[in-house]
Amino acid sequence: MAGTGKAHLRNSPDVLLSVNELVVEFPVARTGLKVNAVSGISFDVIKGETLGIVGESGCGKSTTGRAIMQLPAPTSGSIDFNGQELTTLSKDDMRDARTKIQMIFQDPISSLNPRRKVRDIVLEPLLVWKRGTQEERDILVNKILEDVGIDPQRAAESYPHQFSGGQCQRISIARSLVLDPQMIICDEPVSALDVSVQAQVINLLEDLKAKYGLTLIFIAHDLAVVKSISDRVLVMYLGKMCELASSDDLYARPSHPYTNILVDSIPEPDPEVIYAPTAVMGEPPSPINPPAGCRFNPRCPNVQDRCRVEEPEMREIAPAHFVACHNPLTY
Amino acid sequence: MNDSDPRTTTPLLEVSDLKTYFRTERGTVKAVDGVSFSLQRGQSLGIVGESGSGKTVLSRSIMGLLGRTNLFREGSIKFNGQELMGLSVKEMRSIWGQEMSMIFQDPMTSLNPVMKIGRQIAEPLMLHLGMNKSEARLTAEKLLTDVRIPEPQRRLNQYPHELSGGMRQRVMIAIALACGPTLLFADEPTTALDVTVQAEILQLINEQRVDRNMSLILVTHNIGVVAGNTDVIAVMYGGKIVEKAPTKTLFSSYKMPYTEALMRSIPKLRQASHTRLATIPGRPPDMVNPPLGCNFAPRCAYARPKCLVEEPELTVTENPEHVYACFYPVGSPEYHERKLELSQRSDLLSTGGQN
């Protein structure tokens, strides 16, 4: 795995977002080296779909999400959103485009301004964009706050610190909804929440997705959470793609050795499931000097000589199941 | 692990009615409010709970790691027959490290950033076991090998920032094991780590526990982490243990509606995607003003008027090791009655939706 290629891209008129050979590199100060955060990722998202992106820390999943928003602009590659190429937009046009794509972040409390009342935080995008009359804005903000399960009256009087983590995440979601976006990029939205609250937020996202006709990109490291919410899942490793398949298919028949290890490593809340994860060799290598060939080769249990020199490309191993590996597990 | 060897019949740790309160501006926070349990030598106990359930305070209170100011602590902590409650810091020092030690959640902030790894491991060896520098260094190297850190000799001369998160947690484990403790606390030891690394660290902790015949208290919010790694699980809610049972029993026949709700709210890999997750409405109680009756009653689907005024005591099931605190436990006639009502109501709602 850990390869390139575009065999998995779909040619459908319903594609909302299409990312092509996305590369994001960050220079390392004073050394002339660079961090290869994302190295040639391609994927597409169809209207109304939820794409999950999973991988370990440093695999480039968050960087990919932010690169779509041009935060910062990618080093190369193209990002087509609804027929508009985002990478070449002017600053003003990009500002415009950001109203259509919104983001929700991991830490709900620090992503809200502590000095502003919650209702004002949710209202602000409407004021910035001068949308509607005051009355229309009030009606909309109240409706959205109710939709996410926050009492508008309390929101008008209280500051973020007066709400719990789960409630703050609901407020972040409300803020992302007021401009009527087409797509929301959720970057680890439930990682900081307790399990009981996590379930509430996941259910809320599912409901809002149906109600507002949203398309979601859901980035997380928790595979069970990603499985629960996603239609398709993309597995990333060290800036490359490993595997892409429908959520149920990917977990039932992981084909990339890395996906298999990831799925295996999850401690299942069931003592009858014997917990004997496949050993992974070592830890991910540095993205400053990634391995040649398949980037997973130094840790891969199925490694062959070819993997050390030739980078695998994404190929369809079963209908709608793509894997970038020379030696995939039997399907 | 629960063999009936006579030496193991006196528990290693016996906690009775432990209370740990903090005085704050808002009032007294009853973080741990009357917890009792015992732990045999070599046994592993998982303490599971949400944030604010008191699980971390409980483990620190047992170890005596809480500050003195604005703290109220009461009850009894018997370790190897010795009462720890009331011991001074100086007296506790002979217990820390050699008898009890702890692995903390965040390996970056728990290690000293300006001290080499070797010295951080050697320090307790010299302090507690009176080793000299060269002995301590050799032992440190051996410990690093035990926790499977490659090239231990080179690592001894490195600083924490030169190691990855998983390696740092291994160093933390090496330090905790250094003086051969009989009881190891691991407070969310894998929460900051990636899942593949988490798997390795959990295996390592378990291996070391078996090899050294240590007892383990594993504190976590992730019920999956304790499922495969502990003999007994205690579920905490609102500063109290609300259910405790051998791991398999807990999963197969939990009694407390909170345990049920907690298990059902976790997304599981065997569920199809988009399976609706069960949720627990509301949020954990405010421990300054805990509810009058059962702490969970305000969020419990099966609560009845009695639950709101009267506090349930821990009750023993037919299995003497399985205790729970609930008036209308899972499986009781009242539980089934309410469950039927709830399912009828949701049927009504869903048919209403279709029309």
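Trainee: Is A:R30 buried, partly exposed or exposed?
Mentor: Count the other C-beta atoms, placed from the backbone, within 10 Å of the residue's own: 20 or more is buried, 12 or fewer is exposed, and anything in between is partly exposed. A:R30 has 6 C-beta neighbours inside 10 Å, so it counts as exposed.

Trainee: Where is A:R30, and what is its phi near?
Mentor: Before going on, this is a predicted model, where local features need pLDDT of at least 70 and side-chain atom pairs count only at pLDDT 80 or more, while totals for chains, interfaces and linings use all residues. Residues are numbered from 1 along each chain as its sequence is written, with chains lettered from A and ligands numbered from 1 in the order in which they are written. A:R30 sits in the loop between β1 (15-27) and β2 of chain A; helices (H or I, at least four residues) and strands (E, at least two) are DSSP runs numbered from the N terminus. Its phi is positive, in a residue other than glycine, and is near 65°.

Trainee: Is the peptide bond from A:L71 to A:P72 cis or trans?
Mentor: A:P72 belongs to the loop between α1 (61-68) and β4 (76-81) of chain A. Omega is near 0° for the bond from A:L71, which makes it cis.

Trainee: Which residues is A:V35 in contact with, beyond its neighbours within four places in sequence?
Mentor: A:V35 lies in strand β2 (residues 34-46) of chain A, and it is partly exposed because 19 other C-beta atoms are within 10 Å. Its C-alpha is 8.3 Å from that of A:S286, 251 residues away in sequence. Two residues are in contact if their C-beta atoms, placed from the backbone, lie within 7 Å. For A:V35 that gives A:E25, A:F26, A:V28, A:P287 and A:I288.

Trainee: Over in chain B, how far apart are the C-alpha atoms of B:V29 and B:P290?
Mentor: B:V29 is in strand β2 (residues 27-39) of chain B, and it counts as buried because it has 23 C-beta neighbours inside 10 Å. Leaving aside neighbours within four places in sequence, its contacts are B:Y21, B:F22, B:T24, B:M287 and B:V288. B:V29 and B:P290 are 261 residues apart along the chain, yet their C-alpha atoms are separated by 9.1 Å.

Trainee: How far apart are the end C-alpha atoms of helix α7 (residues 195-212) of chain A?
Mentor: The expected span of a helix is 1.5 Å times one less than its number of residues. The 18 residues of α7(A) should therefore span 26 Å, and that agrees with the end C-alpha separation of 25 Å.

Trainee: Which element of chain B do the buried residues of α7(A) pack against?
Mentor: The buried residues of α7(A) include A:V197, A:V201, A:L205 and A:L208. Within chain A they pack against α4 (134-147), α6 (165-177), β8 (215-219) and α8 (223-229). From chain B, the partner is α11 (257-264).

Trainee: Which element gives the most to the side of chain B that touches chain A?
Mentor: In total, 38 residues of chain B are in contact with 35 residues of chain A. The elements of chain B giving two or more residues to that side are α8 (195-212), α9 (223-227), α10 (247-252) and α11. With five residues, the top contributor is α8(B).

Trainee: Are α4(B) and α7(B) roughly parallel or roughly antiparallel?
Mentor: Axes are lines fitted to C-alpha atoms, for helices over the stretch in contact, with angles from 0 to 180 degrees between N-to-C directions. Under 35 degrees counts as roughly parallel, over 145 as roughly antiparallel, 65 to 115 as roughly perpendicular and the rest as oblique. The axes of α4 (residues 117-129) and α7 (residues 165-177) of chain B come within 8 Å and cross at roughly 20°. That is why the two helices are roughly parallel.
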